[in-house]
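This report covers charged pairs and a metal site. The structure comes first, then the terms and the contacts.

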Amino acid sequence: MLSLPVLLVNRHFAPVTVATARRAFVLLYGGAAHALDDGGDSHDFQAWFKLPVRHHDDPLPVVGGAVRVPRVLHLLRYDRAPRFTVRLTRKNLMIRDQFQCQYCGRRPNQRDLNLDHVVPRSRGGQESWENLVVSCRACNLRKGRRTPGEAGMNLLRAPLAPRWSTATQILLVTRRPYEEWQPFLKAG
Ligand SMILES: [Zn+2]
């Protein structure tokens with residue numbers, strides 16, 4: 001129960017990050033945050049512990065009974081809306097390029113998509129957002145160890161590091177976001 005995900009929102013209710021329930025209870029206990037219930041009402045530590053645990057809540061056993069694991073925590077004094085840097089991973093590159101070969105524009109089966117170094121590694125090309133694109137096997141083979149210019153192959157769009165919002169990233173990394181998160185993720 002203590003490892004369940006809890007959405008943290010800043011003072012203005014914009015999404016900040018997802019923390020564990022353990023961290024959420026520490027923040028709640030310390031008074032840095034209030035827990036929001038599914039009706040949007042705000043509760044401090046003491047009030048939260050008095051709420052009944054309903055059948056669809058995640059119960060955390062405590063002395064004398066159980067307490068709801070909160071799903072959204074309101075950080076009372078936190079103003080900022082951090083913008084994370086998106087990690088350079090195969091999955092994130094696929095999402096950025098919309099699972100589409102950046103040379104021919106086809107969208108084959110994911111298994112038939114590779115990552116292509118625009119400037120080949122053997123020629124000093126880097127592992128970076130600007131030098132990696134999604135490519136189908138056929139285009140990958142055709143291009144070989146050449147630059148797009150040498151191969152006469154044009155990129156559909158210039159590869160750049162994505163600037164996803166915090167809400168987008170939270171949705172990308174969370175398998176099953178709670179319904180209670182939706183209003184905050186939409187706003188973010
Ligand atoms: Zn292709």
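## Basis

Buried means under 20% relative accessible area, exposed means over 50%, and partly exposed lies in between (1.4 Å probe, protein chains only). The model is predicted: local features need pLDDT of at least 70, side-chain atom pairs count only at pLDDT 80 or more, and totals for chains, interfaces and linings use all residues. Residues are numbered from 1 along each chain as its sequence is written, and side-chain values use heavy atoms, with hydrogens and water left out.

## Salt bridges

A salt bridge is a side-chain nitrogen of Lys or Arg within 4 Å of a carboxyl oxygen of Asp or Glu. The whole structure holds 11 of them.

One of them joins Asp79 to Arg11, with N to O at 2.8 Å. Asp79 sits in the loop between strand E7 (72-75) and helix H3 (90-96), and Arg11 in the loop between strand E1 (5-9) and strand E2 (15-20), so the contact ties together parts 68 residues apart in sequence. Helices (H or I, at least four residues) and strands (E, at least two) are DSSP runs, numbered from the N terminus. Asp79 has 40% relative accessibility, so it counts as partly exposed. Arg11, at 38%, is also partly exposed.

## Buried pairs and a network

Asp58 and Arg71 form a salt bridge, their closest N and O atoms 3.1 Å apart. This pair links distant parts of the chain, 13 residues apart: Asp58 is in the loop between helix H2 (45-50) and strand E5 (59-62), Arg71 in the loop between strand E6 (65-68) and E7. Why does Asp58 count as buried? Its relative accessibility is 16%. Arg71 counts as buried because its value is 12%.

Asp97 and Arg96 meet at 2.9 Å, N to O. Both residues are buried. Elsewhere, salt bridges with shared partners join Asp38, Arg54, Asp57 and Arg68 into one network.

## Zinc site

Which protein atoms are donors of the zinc ion? They are the SG atoms of Cys101, Cys104, Cys136 and Cys139, lying 2.3 Å from the zinc ion. Donors are N, O and S atoms within 2.8 Å of the metal (3.2 Å for Na, K and Ca); water is not among the atoms, so sites may look incomplete. Along the chain, the spacing is C-x2-C-x31-C-x2-C.

Cys104 lies in the loop between H3 and strand E8 (113-117), and Cys139 in helix H4 (residues 137-143), so this pair ties together parts 35 residues apart in sequence. Cys104 is partly exposed at 36% relative accessible area. Cys139 is buried at 6%.
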